Amino acid sequence: MDQNDINRLRGKTAVVGLAESGCGLASGWSAMEIMASAVHDALDDAGIKLKEVDGVFAATAFHSMAAMSLSEYLGVKPKFADGSQIGGSSFLSHILTAAMALDAGLINVAVVAYGSNQKSAGGFKTISEAMPYEAQYQPRMPVTAYALSAKRYMNEFGATREDLANVAVSARDWALLNPRAYTHQDGPLTVNDVLSARPIVDPLGKLDCCLVTDGGAAVVMTRSDRAKDTKNTPIYLLGAAMEHHHRMISEMPDLVQTSAIESGKRAFSMSGYKPNDMSTIQLYDAFTINTLLFLEDLGFCKKGEAKELVKNNNIGPAGNLKVNTNGGGLSCVHPGMYGLFVTLEALRQLRNASGDDVGQRLNGGWIDNAKLSVAHGNGGVLSSQVTNIWGVSDTL
Amino acid sequence: MAENLAGTVGPEQQFKNFLSEGKFMIQRCKSLNKFFFHPRVAFPGSGERDLEWVEASGNGEVYSSSCNRRLPEKGGDFNLSLITLEEGPRMMARVEGIDPDKVEIGQKVKARISSLNGEPAVIFDIV
């Protein structure tokens, strides 16, 4: 198959509704209730009735058959469903699969959804099996894996913990502008705050790690011809690609190069745009090292140079690169699988710039004239990488 | 042929059995003359099945390292590293006999078979 065949999905589908639910703390709510609430709110946002939904895509850390459980809960009988579980990036791959199913005419309206009550239910939640050849050493997964990558990165490129801390500082600065962010009221972080936080797995401390919150999210997708008739501004899927090279951190071919190199290359190629065309950059920042790796692997700078790129708050609100503008997994929300929140922020920035009311931000929190966003999802232990490129109608 | 597996054990159990006998064995593909880890039924990526077990030299080098913080009453901090074996493959293991936060990339290490939670385990010492 040549690239033209693959690229036929470009612009064929759009997100026409989105919502989040129960972000932060949602004591007394189940993961399913949080997820289903987000679906209903996203359908209201789209102006599409539940009975029109015929494609259901979901993954959680609470349901082994999430798409089936969600369909039943909603009372939907899907003609196509996908509950692929590739970690936190699952939803960005569901979006690709939904686009394929919509384009093929198998379905007309897809919902992609996620829900978690991990924080109120007692802490980080995973349904991952123990990894053979690793489990007996008792790694503190996933933190140990990301610490191993960070240590190697620091060694290969002369990076320091201060370089990692710059990522957390900028993420917090964005969160201070976003009333939805869990740390919105917490005040700014300094590099020293990050360095002196409780060590978890060296070289990563507590503030190098994402939040642990509750939360759910959903998006509604249709074919682009239908999208024109919905309530709010459609945001078009211009590119999508995925790749993964390992499941266990001990099998990662190179600890400082992720398969985002491949997913990013193909997603940008499908979209017809380049990294520097992106108005906003939304990266799966479960740990500070992620942002450095993905800025490099997606092509925003050369390998080893992200530590320079993130200096002087250059990825913060006053910087040149608008990275993780909601505050990210580090400072906005992280219910265990963050992928759909990366997507939500990429879409919200574009909808706000198109005149939709998608909530309030403090001055500088919304990116003026945003037309293109990259949403990048990570899953497992730097394992699964999925890249989506979103654009407003002018970019089609 | 693997249609009938009765009466045999797979590579994972074979690896564990070797460890129980005090041997750190890794697999080699004969036609490719390449070692790999972890144990599998075929060479990863190309599928060759002419495999043999070879005793590892035990020589390796720290590829990356982490210090996992843990409360003293739960056993205290411990090291967790990725080791590149002299034969080529990489594996997860602990480096012991040194402060867990003092293990550095590039250090030469040597394997020994110890036990973790009652199971035999490959552990490395700084050479």
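Entry 1, a helix pair. I found Ser90(A), Phe91(A), Leu92(A) and Ile95(A) of α4(A) meeting Gly339(A), Leu340(A) and Thr343(A) of α13(A); I count a contact when two C-beta atoms, placed from the backbone, lie within 7 Å. I sorted the residues of this contact into four nonpolar, three polar and no charged. My classes take Ala, Val, Leu, Ile, Met, Phe, Trp, Tyr, Cys and Pro as nonpolar, Asp, Glu, Lys and Arg as charged, and the others, Gly among them, as polar. The axes of α4(A) (residues 90-103) and α13(A) (residues 339-353) come within 6 Å and cross at roughly 65 degrees. Axes here are lines fitted to C-alpha atoms, for helices over the stretch in contact, with angles from 0 to 180 degrees between N-to-C directions.

A note on the ground rules. The model is predicted, so I keep local features only at pLDDT of at least 70 and side-chain atom pairs only at pLDDT 80 or more, while totals for chains, interfaces and linings use all residues. Residues are numbered from 1 along each chain as its sequence is written, and chains are lettered from A and ligands numbered from 1 in the order in which they are written.

Along the sequence the pattern reads α-β-β-β-β-β-β-β-β.

Next I checked its partners, where pairing requires at least two DSSP bridges between the strands. β4(B) (residues 59-68) pairs with β5(B) in the antiparallel sense over eight bridges, and there Ser66(B) has Leu80(B) as its bridge partner. β6(B) (residues 90-96) is also antiparallel to β5(B), joined by four bridges, with Leu82(B) opposite Met92(B). In the hairpin of β5(B) and β6(B), four residues lie between the strands, and Gly88(B) takes a positive phi near 120 degrees.

An automatic or database assignment divides chain B into domain 1 (11-55) and domain 2 (59-126). I noted nine residues of domain 1 of chain B in contact with eight of domain 2 of chain B. On the domain 1 side, β2(B) gives the largest share, three residues.

Notes: Helix = DSSP H or I, 4+ residues; strand = E, 2+ residues; numbered from the N terminus.
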